[in-house]
Amino acid sequence: MGNGVQPLDPVAIQMGSLSVKWYGVIIASAVVIALLLALSEANKRKMDKEIIVDLLIWAIPISIISARIYYVIFEWDFYKNNLGEIIKIWHGGIAIYGALIGAVLTAIIFSRVKKISFWQLADVVAPSLIIAQAIGRWGNFMNQEAHGAETTRAFLEGLRLPDFIINQMFIDGIYYQPTFLYESLWNVLGFILLLIIRRTKIRSGELFLSYVIWYSFGRFFIEGMRTDSLMWGDFRVSQVLSLLLIVLSIGLIIYRRLKINPPYYMEDKFGKVAKKK
């Protein structure tokens with residue numbers, strides 16, 4: 001590579017013909033950390049921790065499949081002529097919003113089957129979701145993907161970034177904006193915010209909805225900087241979905257306060273769904 005700048009090796013472990021990439025290691029680490037955090041909060045809420053584990057067993061594979069389906073839908077011009085590529089997820093092509101949609105739908109169905117409150121469950125896992133996303137973006141970093149437009153080394157140095165990040169943003173002779181980092185930092189801030197507000201007089205369900213609003217708000221602007229956006233005509237799909245999720249989440253908070261009057265998060269005892277809910 002020019003300028004003597006070498007990218008980081010995306011392979012973490014090489015054993016003969018078998019290679020384990022950093023992307024997979026980072027994603028797996030994100031899942032483990034998210035699970036431990038959710039289990040800790042479940043324990044504080046007197047929730048059966050097996051519920052979290054059982055949900056994860058279903059949510060992970062379904063989220064991966066839905067993330068792939070989401071990506072394929074918006075890249076159908078390619079896949080309609082290459083149907084065999086649809087199942088080749090190892091070639092790349094998953095979308096975080098697709099994964100989140102799959103996870104939420106799984107949690108809704110799971111809650112109904114278990115006869116527990118979806119909102120209580122969603123509140124418990126919300127901080128885990130956003131910190132997992134923050135960690136997972138570093139998998140994109142190792143793969144030199146999910147970056148922004150062209151920039152200069154001088155600009156990146158002006159951000160006071162360490163050399164290993166700047167060098168990794170040097171791709172095929174060009175420096176790019178580290179949008180993966182912007183989103184990761186935004187999610188870390190969101191994680192801290194959720195930890196703070198869940199100790200306030202927030203209502204049941206509003207911690208999860210706050211997560212959706214925070215993530216979607218940041219994603220809207222960061223998506224506008226990326227060069228690999230999924231498109232819907234002239235619109236970036238993630239930007240459209242971000243706006244819809246923000247409006248929907250705010251609307252749900254207002255509706256639930258006016259019509260349902262949900263209990264405060266810290267006072268909402270976990271258990272079977274009450275008839276009034």
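**Buried residues and helix packing**

His 147 is buried, with a relative accessible area of 13%. This value, like those that follow, comes from a predicted model. His 147 sits in the loop that links α5 (118-142) to β3 (150-151). Neighbours within four places in sequence are set aside in its contact list. The contacts that remain are Met 169, Ile 171, Tyr 176, Gln 177, Thr 179, Arg 226, Thr 227 and Asp 228.

Glu 183 belongs to helix α8 (residues 179-197). Its relative accessible area is 3%, and Glu 183 therefore counts as buried, the cut-off being under 20%. With neighbours within four places in sequence again left aside, Glu 183 touches Arg 137, Tyr 215, Arg 219, Ile 222 and Arg 226. Arg 226 is also among the contacts of His 147.

Helix α9 spans residues 206-223. It contains 18 residues. The distance from its first C-alpha to its last is 25 Å, close to the 26 Å expected at 1.5 Å a residue. Of the 18 residues of α9, 13 are buried, so the helix is largely enclosed by the rest of the structure.

Helix α9 packs against helix α4 (residues 96-114). The angle between them is about 170 degrees, and their axes are 13 Å apart. Angles over 145 degrees count as roughly antiparallel, so α4 and α9 are roughly antiparallel to each other. Their crossing is left-handed. On the α4 side, the contact is made by Ile 96, Tyr 97, Leu 100 and Val 104. On the α9 side, the residues are Phe 208, Tyr 211, Tyr 215, Ser 216 and Arg 219. By class, this contact has seven nonpolar residues, one polar and one charged. Tyr 215 and Arg 219 of this contact are also contacts of Glu 183.

The crossing of α1 and α2 is right-handed, whereas that of α4 and α9 is left-handed. Helix α1 contributes Val 31, Leu 35, Ala 38, Leu 39, Ala 42 and Asn 43. These meet Lys 49, Ile 52, Val 53, Leu 56 and Ile 60 in α2. By class, the contact of α1 with α2 has nine nonpolar residues, one polar and one charged.

Conventions
Residues are numbered from 1 along each chain as its sequence is written. This is a predicted model: local features need pLDDT of at least 70, side-chain atom pairs count only at pLDDT 80 or more; totals for chains, interfaces and linings use all residues. Side-chain values use heavy atoms; hydrogens and water are left out. Axes are lines fitted to C-alpha atoms, for helices over the stretch in contact, and angles run from 0 to 180 degrees between N-to-C directions. Helices (H or I, at least four residues) and strands (E, at least two) are DSSP runs, numbered from the N terminus. Angles under 35 degrees count as roughly parallel, over 145 as roughly antiparallel, 65 to 115 as roughly perpendicular and the rest as oblique. A crossing is left-handed if the near helix is turned anticlockwise from the far one by less than a right angle, and right-handed if clockwise. Contact means heavy atoms within 4.5 Å. Ala, Val, Leu, Ile, Met, Phe, Trp, Tyr, Cys and Pro count as nonpolar, Asp, Glu, Lys and Arg as charged, and the others, Gly among them, as polar. Buried means under 20% relative accessible area, exposed over 50%, partly exposed in between (1.4 Å probe, protein chains only). The expected span of a helix is 1.5 Å times one less than its number of residues.
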